[in-house]
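Let's take a walk through this one together. Keep the viewer open and follow along as we go.

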Amino acid sequence: MSLLQIKNLNVRFGDPKAVPVVDGLDLSVEKGEVLAIVGESGSGKSVTMMALMGLIDAPGIITADSLNFDGKDMLKLSASQRRKIVGKDLAMVFQDPMTALNPSYTVGFQIEEVLRQHLGLSGKAARQRALELLKKVEIPAPESRLNAYPHQLSGGMSQRVAIAMAIAGEPKLLIADEPTTALDVTIQAQIMELLLHLQKEQNMALILITHDLAVVAETAQRVCVMYAGQAVEVGHVPQLFDIPAHPYTEALLAAIPEHSEGAERLATLPGIVPGRYDRPQGCLLSPRCPYVQESCRQQRPGLDPKAHSLARCFYPLNQEVA
Amino acid sequence: MFSFIARRLGLLIPTFFGITLLTFALIRLIPGDPVEVMMGERRVDPEMHAQAMERLGLNKPLYAQYLDYVGKLAHGDLGESLRTRESVWHEFTSLFPATLELAICALIFAGILGLLAGVIAALKRGSLFDHGVMGISLAGYSMPIFWWGLILIMFFSVHLGWTPVSGRVDLLYDIQPKTGFMLIDTLLSDEEGAFKDALMHLILPSIVLGTIPLAVIARMTRSSMLEVLREDYIRTARAKGLSPSRVVFVHGLRNALIPVLTVFGLQVGTLLSGAVLTETIFSWPGIGKWLIEAIGARDYPVVQNGILLIACLVIMVNFAVDILYGLVNPRIRHQR
């Protein structure tokens, strides 16, 4: 059984008839696997993960056939039962490390808080473990950092602390929501390396939400491409990059600047993600798709097995079996 | 931090002189003089009046009187009351504990209730409770203290008979003023029931005096809390699997307190001016009532120096709040 099994997840804001932000999403993650989720801003990547973590408040409405993590349906658990899992077996690192840490407490306090909450450590034992965690995330002079406040740390350092907090409960699944977007380019690579190193060392599954397809190509075993709240293509890494089945995946790959070398302009996909009022009746990509056919405008395709991946398209590309 | 303290201390000198000038001028602008009041207004023999004025040094030109006053102050001499012949400093220190006791109780009442109401209103934003609390606090803020005090006395003391009407403790009890704080003195004495009686005496004045600070603190806490609850670190705290109460109070309130604390400090001024009215309504023997009586009797030294002492107190409290601010907010503490 998969570590994480999401079936038909829908997230809406406001009333139950509102246009879903996450629309019938199916997703699974195996133990120790690295899954990347890519897609434009507003495609529902973060909201999906927030729903899983139980971080969506009213007026958000979450429905799913199942939201199964480690054998438990997260939607059926009580709030207090869920809190035993969230922060321990299921942890998350957020985008902007400079605002993700509480400015009023020391780094040590914020890490020890997780240890107290989930592992029952306290006093010296907690402090000792916090120090080990800081060493684990390769913070220089960890002893002195325990008593530092977040404003005394750089962005990269703060993200390391946030990672230390997230891995404190030795999670089975770590979600990293654009963990490097807010950081300098040089630091980005370091943080990415650290995350992957920890992932291997602790044999935890990692969901990596990112815009950086180069990173995905190097790190992930599988990729889920999201568009307008739906998964449009899910597949294994070299294949999905080499022979994408969905036109949107192809367009994303074409938009990587390196692929436009020598060209006057970067390749782009014209148009924008459909919003609340212009959501097409047929395939959500149909207004922007260069390969659109009449049937695409009438009916919505399902996420079905294609030659090399799962794709949500009536006329998938690259279907020749080698 | 050091230069900050030095700058603040430097600002005290002009403030101090401004206050002496203001109180000196204002009390003399009120018609009548101390001798008239002492002798009774109906028949004052002009010769005796002039003699008395000369004895008190009130016949000199105003600038000379002011210089006399400031000169004495420079020697630490606060003068003595024209009525009682007691030193102003002595009267102030013996009456101040009563006011302090009342002010502390009012602040505790306002602080606890205000924080709680503000936090709950923020958590249940837009609910009936939120609108209720904000509406009531606006009403509380606009309430004239003397009217509010009288209404409470009429209802709770006269109509229901739950609380005493005035004073600090029933005359039945013989309480030795050891600390000046009635709650402590009654505990130290072996009079049975005295502590409860003193407590009952404190309830209504504390509520009256605490109403305005309560309203301000509740509103400030609410808006500050609403801002903090949107912060990313609140999401981080929730992602750690912490309980909602820990997220709200440990991670939220701690940060929301920073602006509330400033308001808290500013309320001390409101509190002391409120004490003047509250003490008069409840016949509370503190400095507020003392000052009102002194104004009535044109007791120049008491009015001038009493107000000066209170002003110094307000300045000191605000100074302490600034320092406290640094303790709560590590980002300020580390700016040197």
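Predicted model: local features only at pLDDT ≥ 70, side-chain atom pairs only at ≥ 80, totals over all residues.

In chain A, look for an open sheet of 8 strands with mixed pairing, running in the order β7-β8-β9-β3-β10-β11-β13-β12. Strands of a sheet pair through backbone hydrogen bonds, either parallel or antiparallel. Take β8 (173-177) and β9 (205-209) of chain A: they run in the parallel sense, joined over 5 bridges. Within this pair, A:Ala176 sits opposite A:Leu208 of β9(A). Helix α7 (155-167) of chain A packs on the sheet here, where it touches β7 and β8 of chain A, and its direction makes about 175° with that of β7(A).

Next, turn to where the chains meet. Here 24 residues of chain A are in contact with 18 residues of chain B. On the chain A side, α2 (79-85), α3 (97-100) and α4 (107-119) each give two or more residues, and α4(A) has the largest share, with 4 residues. By class, that side of chain A has 11 nonpolar, 8 polar and 5 charged residues.

Finally, over to the helices of chain B. The axes of α11 (244-281) and α13 (300-328) of chain B come within 9 Å and cross at roughly 170°, so α11(B) and α13(B) are roughly antiparallel to each other. Among the residues making this contact are B:Leu257, B:Leu261 and B:Val268 of α11(B), and B:Val314, B:Val321 and B:Tyr325 of α13(B). The contact as a whole divides into 13 nonpolar, 4 polar and no charged residues.

The other pair is α5 (88-123) and α12 (287-296) of chain B, with axes 8 Å apart and an angle of about 130°. These two helices, α5(B) and α12(B), are therefore oblique to each other. From α5(B) come B:Glu91, B:Phe92, B:Leu95, B:Phe96 and B:Thr99, which meet B:Ile287, B:Gly288 and B:Trp290 of α12(B). This contact has 5 nonpolar, 2 polar and 1 charged residues.

Notes
Residues numbered from 1 in each chain as written. Chains lettered and ligands numbered in written order. Contact = placed C-beta atoms within 7 Å. Nonpolar A, V, L, I, M, F, W, Y, C, P; charged D, E, K, R; others polar. Pairing = 2+ DSSP bridges. Axes fitted to C-alpha atoms, helices over the stretch in contact; angles between N-to-C directions. Parallel < 35°, antiparallel > 145°, perpendicular 65-115°, else oblique.
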